[in-house]
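Work through the exercises below with the sequence and the coordinates open. Each task is followed by a solution in steps.

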Amino acid sequence: MTSRTVTLLDVARTAGVSKSTASDALQGSGRVAEATRDRVRAVAEELGYRPNSAARRLRRSSTGAIGLHLPQTATRLDYYMNLAFGAVARAQEDGFDVVLLAPASTMGGATGPGGATGPGGASGPVASRVDGLLVIDPEVGDSAVPGLLDAGVPVVTGERYLGPTAAPTGAVICDNAASLTALLDHVTDRGARRPAVLAPAGTSAWATALRATAASWGQEHGVEVALRTVPFAATPGEAEETTLALLRADPAVDAVICAPDGAAPGVLRAAATLGRTVGTTASDRTDSAASDRTDSTAASDRTGEEPSTPGPGPHPRTPLLVASCVDGTATRSAEPPVTAVDLRPAAYGRACAELLCDILAGRTPPDTVRRHAWALETRASTTAGPA
């Protein structure tokens, strides 16, 4: 049989169950034993069964779609595009299309200054078009979010929403404090004594956690962390400008951790402009300082003058460690490649869509919170000196 001729009844007969049991097993609904559910799904896959999505939507009064709301700056960030692809792939496994909600359409009504919702709110129009919603990195300052959370359909957020409104039906969260802590620990293990963090502005849980962690880590370790705030989606140019100002004002800074996706190459350009070598280790730093002292002594022998004493802060040749809170094409292809936190955005998108699908199918109860793992990818910007 081909996928065009295989019916639900074929699957049921082959699996030795009733048609209704086969339907419940494939949709993840009903009271079906796990072994039976697995057997039915295996038979369906073996036979090449593809459900009639239009018929399924009619039977359950479903739109067959879920909405995806991203931050307004998301369209130029690799992270969110990869996340969206992951969400789409997972939603399709449950027969859902994904509708990307533009800022105006998420509001449902007229939009006033600053994005204020007009009459009608978001609940009516949004609820009529989708079965559920994914709201990623919701900002307290995003006026669309309260309406989405109160749209009358299940809502899963990617990260927690910190605003004073209805709680989402579920959430998938990362331990963002732990990821920045890992980066700060890493650069100090590599010899940094004066780290800096270019933290994102904004009111998302991610931005808020990074700013708070930079301060608390410094207090806990007795190290002053130079904290600078940059736009949530800072460009490489904005990161370069901020880093130049930082290093000129505070030349003792010997490590810069850049938060926004894709902005780290700007930090590298700033280092190059100021003659700071990127990526050497603590031992290289000591060798460089010793070399500077030798050069100074040799010069004094030739001129008969006393060797100069270095002023406060590092010599301009003192290395700079560079890292990023978000991994991506920009960090992997940089020269040198930049140490970064891999937030696994495609897998994160899948996890958000999976939780929403599970809630819609009754496989998971509301108020479920799942955690998403990240990984630290160490590269030459913090682990190796120049050849």
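**Exercise 1. Contacts of alanine 196**

Task: Which residues is alanine 196 in contact with, leaving aside its neighbours within four places in sequence?

Solution. 
- Step 1. This is a predicted model, and alanine 196 lies in its strand β6.
- Step 2. With neighbours within four places in sequence left aside, the contacts of alanine 196 are Val225, Ala226, Leu246, Val253, Ala255, Val256 and Ile257.
- Step 3. For one of these, valine 253, the C-alpha to C-alpha distance to alanine 196 is 6.6 Å, while the two are 57 residues apart in sequence.
- Step 4. Buried means under 20% relative accessible area; alanine 196 has 0%, so it is buried.

**Exercise 2. Arginine 269**

Task: Is arginine 269 buried or partly exposed, and what is it in contact with beyond four places in sequence?

Solution. 
- Step 1. Locate arginine 269 in helix α12, which covers residues 264-273.
- Step 2. The relative accessible area of arginine 269 is 40%, which means partly exposed, the class between 20% and 50%.
- Step 3. Its contacts, leaving aside neighbours within four places in sequence, are Pro236, Gly237 and Glu240.
- Step 4. Arginine 269 can also be set against leucine 244: they are 25 residues apart along the chain, with 9.0 Å between their C-alpha atoms.

**Exercise 3. Helix α10 and its surroundings**

Task: What do the buried residues of α10 pack against?

Solution. 
- Step 1. Helix α10 runs over residues 205-221, 17 residues in total. From first C-alpha to last it reaches 24 Å, close to the 24 Å expected at 1.5 Å a residue.
- Step 2. Its buried residues are Ala205, Trp206, Ala207, Leu210, Thr213, Ala214, Trp217 and Gly218.
- Step 3. These residues pack against α9, β6 (195-200) and β7 (226-230).
- Step 4. Just after α10 comes glycine 222, with a positive phi of about 65 degrees.
- Step 5. In α9 (residues 176-189), take serine 179. Its relative accessible area is 5%, so serine 179 is buried. Outside four places in sequence, serine 179 touches Val341 and Trp374.

**Exercise 4. Nonpolar cores**

Task: Which members of the largest nonpolar core touch the most other members?

Solution. 
- Step 1. The largest nonpolar core has 47 residues, and those touching the most other members are Tyr80, Leu134, Val156, Leu180, Val197, Ile257 and Cys325.
- Step 2. Helix α15 (residues 345-361) gives the most to this core, namely 7 residues.
- Step 3. Cysteine 325 touches Leu180, Leu183, Trp206, Leu210, Ile257, Cys258, Ala259, Val341 and Leu343, when residues up to four places away in sequence are not counted.

**Exercise 5. The cavity**

Task: How many cavities of 30 Å³ or more are there, and which residues are closest to the centre of the largest cavity?

Solution. 
- Step 1. The count is 1 cavity of 30 Å³ or more.
- Step 2. The volume of the largest cavity is about 150 Å³.
- Step 3. It is lined by 14 residues, and Tyr79, Tyr80, Asp137, Trp206 and Val326 are the closest to its centre.
- Step 4. By class, the lining has 10 nonpolar, 1 polar and 3 charged residues.

**Exercise 6. Backbone geometry**

Task: Where do aspartate 137, arginine 344 and proline 336 lie, and what is the backbone geometry at each?

Solution. 
- Step 1. Aspartate 137 is in the loop between β3 (132-136) and α8 (145-149). Its phi is near 45 degrees, a positive value in a residue other than glycine. Aspartate 137 counts as buried because its relative accessibility is 7%.
- Step 2. Arginine 344 sits in the loop between β10 and α15. Its phi, near 50 degrees, is again positive in a residue other than glycine. At a relative accessible area of 34%, arginine 344 is partly exposed.
- Step 3. Proline 336 belongs to the loop between α14 (329-332) and β10 (339-342). The peptide bond from glutamate 335 to proline 336 is cis, with omega near 0 degrees.

Key:
Residues numbered from 1 in each chain as written. Predicted model: local features only at pLDDT ≥ 70, side-chain atom pairs only at ≥ 80, totals over all residues. Heavy atoms only, no water. 1 Å grid on protein atoms, 1.4 Å probe; cavity = no way out; pocket = protein on both sides within 12 Å on 5 of 7 lines; lining within 4 Å. Points joined across faces, edges and corners; volume = space filled by probe spheres on them. Nonpolar A, V, L, I, M, F, W, Y, C, P; charged D, E, K, R; others polar. Helix = DSSP H or I, 4+ residues; strand = E, 2+ residues; numbered from the N terminus. Buried < 20%, exposed > 50% of the residue type's maximum accessible area, 1.4 Å probe, protein only. Contact = heavy atoms within 4.5 Å. Expected span 1.5 Å × (residues − 1). Core = buried A, V, L, I, M, F, W, Y, C linked by side-chain atoms within 4.5 Å.
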